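Take a look at the fold below. We will walk through it piece by piece, beginning with the whole chain and ending with single residues.

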Amino acid sequence: MKNKSKTIIGISLFIVLIIFTTQAFSDECRINLNTASVLGKNEWSRDEPYLWTFGFVVDAQTFINNQFILKIDNPGHGNLGSGVGEGYSLVIPTQTGALKKELIVPPNQEAMYCGVITLIFEEDGTPPNSAVIEAYESIAEILRVFIRDIVVPNRGIPDDLRPLKNSITAEVRRIYGAAGGFPWDFDDFIGFDYADHRISTGEVSQNPIELLLWSKSGDYEGAYLINGSIDVGPPLPLPPPRPPRSCPSGYTCCGATLPDGRCDSGECVKPPQLCQ
C-alpha cells in the first residue's frame, strides 16, 4: 500500500512539474482554409457541398490533457454553399475553415505540431443536420485517439492513412444510416486530405497548403482543391469594423439591414458564396 501511495505521489509531482515548467509561446498556430476550387462536381446536378474541418495541435498543454482536436462550429449542410458547378471557386467562410490555438512550449523544448484534416461531403438536405453534427463530433473523437495513439508516439502522421479513412467512413455510414431518410452512398463522400507543420520554438512562419479531396464512384467523380495556410506567429489584431453600405443588386447582406436599406456589417456576398 505504501509503494502504491508513493507511486501516485510521484506521478502527481511529475505532472505538476510539467505544468509549471511549460510556458506560453506568446504565439499561436492559425489554420486558414481560404478557397475551394471545384475541379469536378460530384453529381449530375449541381453540388451542395459541406466541409468538415478539424485542426490538431500537439504542444505541452494538449500532450497532458489529450485534447488535440480543434473543431468548427458549423459542420452542417450548405456550409460551402449550394448550386455549385464545375469551375466554381468558393470562398470558404471563416467559421468553416479558420481555427487557431495558443501554443504552449514543452519543457524539453521539443518540436510542436499543428495540422488540419478535411473531409467534403455532398448531399441535398439528407440526412438531417442533427445526424451531420453527431457524425462530426464522433469523427473528432476518432481523430483525437488517432493523434494520441499514432501521431504523438511516432512524432508525425504516417504515410498510410487508409485505416483511418476506413474508420471514418464506417462511422459516418453508421450514424447516417441510423438517422433514416435516403441511404448515404459512398459517392456522397467527395474526399479526404490533410496537411501538418512541425513548429520550432520561437518560429514565425506562413506555410501555404493545398488539399485535394477527390473520389470516384461509378460514373460520378468529384474533386475539390482547397488552398490555405498553416501560420505560426503572434496573435493578429482584430480588423476594424466595416462601415454600413448598400449591397449591389443580386447580393446578400451579411448582417442586419438598416431602415435606410444599407447593410449594417458592410459585407455583401453573391450566392452561392456564403457570408464569412
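**A walk through the fold**

Among contacts in the protein between residues at least 6 apart in sequence, 75% join residues at least 24 apart. Contact here means heavy atoms within 4.5 Å. This is a predicted model, in which local features need pLDDT of at least 70 and side-chain atom pairs count only at pLDDT 80 or more, while totals for chains, interfaces and linings use all residues. Residues are numbered from 1 along each chain as its sequence is written, and side-chain values use heavy atoms, with hydrogens and water left out.

The protein has 5 helices and 11 strands. Both kinds of element are DSSP runs, numbered from the N terminus: helices are H or I with at least four residues, strands are E with at least two. Of the 276 residues, 44% count as buried. Buried means under 20% relative accessible area, exposed means over 50%, and partly exposed lies in between (1.4 Å probe, protein chains only).

Start with a sheet. Strands of a sheet pair through backbone hydrogen bonds, either parallel or antiparallel. Two strands count as paired if DSSP finds at least two bridges between them.

Now go along the pairs. E2 (residues 49–58) is joined to E3 by 3 bridges. Gly-55 has Leu-70 of E3 as its bridge partner, and Phe-54 has Lys-71 of E3. E2 also pairs with E6, over 10 bridges. There, the bridge partner of Thr-53 is Thr-118 in E6. E6 is joined to E7 by 10 bridges, and Ile-117 has Tyr-194 of E7 as its bridge partner.

How many of the residues of E2 are buried? The count is 10 of 10. In a regular strand the side chains alternate between the two faces of the sheet. Both faces of E2 are covered: Pro-49, Leu-51, Thr-53, Gly-55 and Val-57 are buried on one side, and Tyr-50, Trp-52, Phe-54, Phe-56 and Val-58 on the other. E7 is mostly covered too, with 8 of its 11 residues buried.

Next comes the core. In soluble globular proteins, nonpolar side chains tend to be buried together. A nonpolar core is a set of buried Ala, Val, Leu, Ile, Met, Phe, Trp, Tyr and Cys residues joined through side-chain atoms within 4.5 Å. The largest one here has 59 residues, and Trp-52, Phe-54, Leu-119, Tyr-176 and Ile-226 touch the most other members. H4 gives the largest share of this core, 10 residues. Leaving out residues up to four places away in sequence, Phe-54 touches residues including Ile-69, Leu-99, Ile-117, Tyr-136 and Leu-143.

Finish in the loops. Pro-127 is found between E6 and H4. Is Pro-127 buried or exposed? Pro-127 is buried, with a relative accessible area of 4%. Leaving aside neighbours within four places in sequence, Pro-127 is in contact with His-77, Val-132, Tyr-176 and Ala-179. Pro-127 and Tyr-176 are 49 residues apart in sequence, yet 6.2 Å apart in space, C-alpha to C-alpha.

Asn-66 sits in the loop between helix H2 (60–65) and E3. Its phi is near 65°, a positive value in a residue other than glycine. Asn-66 counts as partly exposed, at 24% relative accessibility.
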